[in-house]
Amino acid sequence: MIPTPSLRRARFRPNDLSYLIAHTTTPGRLLPANIAQVADLIGYRGPFAELRQACTGFANALIFAFGLLHSPDCGPVAIVGSETGSVFFDPRRASTDAGQLINLLQMGDGAGACMLARPPAAGAARVSSAFHGYSGFDLAPGFSLTGSDVPPVQGSAPEFVHAYAQVARHGMGLFADGLAALRQLGIDPSNVDYFIPHQANGHMARLLAGQINLREASLFVNADRIGNTGSAAVWLALAELRPRLRAGESVGVLGAEATKYLFGGFLYVHA
């Protein structure tokens, strides 16, 4: 979960950063924030913040980062998405608790980072049109992680709770909501070269192509090889896709989060 390789590739030193923003559902500890340990490990001495959010945390982090970068005095901002979901899988209960099978398939481990700065030139690669939305008003969570509402019992651990049938009813609609948000921002999806959807599983390209009228070949998915890495997934997918892009090609990111049926995304244009 240390963003040092990303810093090196961006030619930044840790203390060149003006802010460090993290998003994760599965922090190694609740207090102090998980990102405090990241700051210590990379030798960063500046301010940081952490979002407790799942698969659309990247979008909220971008919106906050854009606000910071509007200040002419702001230097680079780093965003780190990480998960350690495997620890929530209990193999002893897998034969009797269907939720454990979901944990096995859906809750992976990974980390990815994104470095943002004000563009040095008009032709630089850019991230724009970040959005985040909420479609879950008055709906029960699609999945949740127990916290202080459930009094802790010595020797017990927090658990993910899944509402499978409800996610099946409402989950796919979040991608249509994301496309609608792009259109509201003046972006025609038919003019976008590639899309990175939420990396829930390795079949997302086939599943989504028939649901939201996008070409299957334009949907980039790497979950079939690295699994669902939650908060890290979008950054890892974009990092893998970028070397294949030609200058001027665009990537639309469509995040979906079943916790309270959130959607989010952005547009990336390659240089």
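His-132 has Gly-264 as its bridge partner in strand β10. The model here is predicted, so to speak of local features takes a pLDDT of at least 70, side-chain atom pairs count only at pLDDT 80 or more, and totals for chains, interfaces and linings use all residues. Residues are numbered from 1 along each chain as its sequence is written, and side-chain values use heavy atoms, with hydrogens and water left out.

**Strand β10 and its neighbours**
- β10 covers residues 262-269; strands here are DSSP runs (E, at least two residues), numbered from the N terminus.
- Strand β5 (residues 126-134) runs antiparallel to β10, and seven bridges join them; two strands pair if DSSP finds at least two bridges between them.
- Strand β9 (residues 250-257) is also antiparallel to β10, with eight bridges, and Ser-250 has Val-269 as its bridge partner there.
- Four residues sit between the strands in the β9 and β10 hairpin, where Tyr-261 takes a positive phi near 60 degrees.

**How covered β10 is**
- Eight of the eight residues in β10 are buried (under 20% relative accessible area, 1.4 Å probe, protein chains only).
- In a regular strand, side chains alternate between the two faces of the sheet.
- Leu-262, Gly-264, Phe-266 and Tyr-268 are buried on one side of β10, and Phe-263, Gly-265, Leu-267 and Val-269 on the other.

**Out on the surface**
- Leu-105 belongs to helix α4 (residues 98-106); helices are DSSP runs of H or I, at least four residues.
- Leu-105 counts as exposed because its relative accessibility is 62%, and exposed means over 50%.
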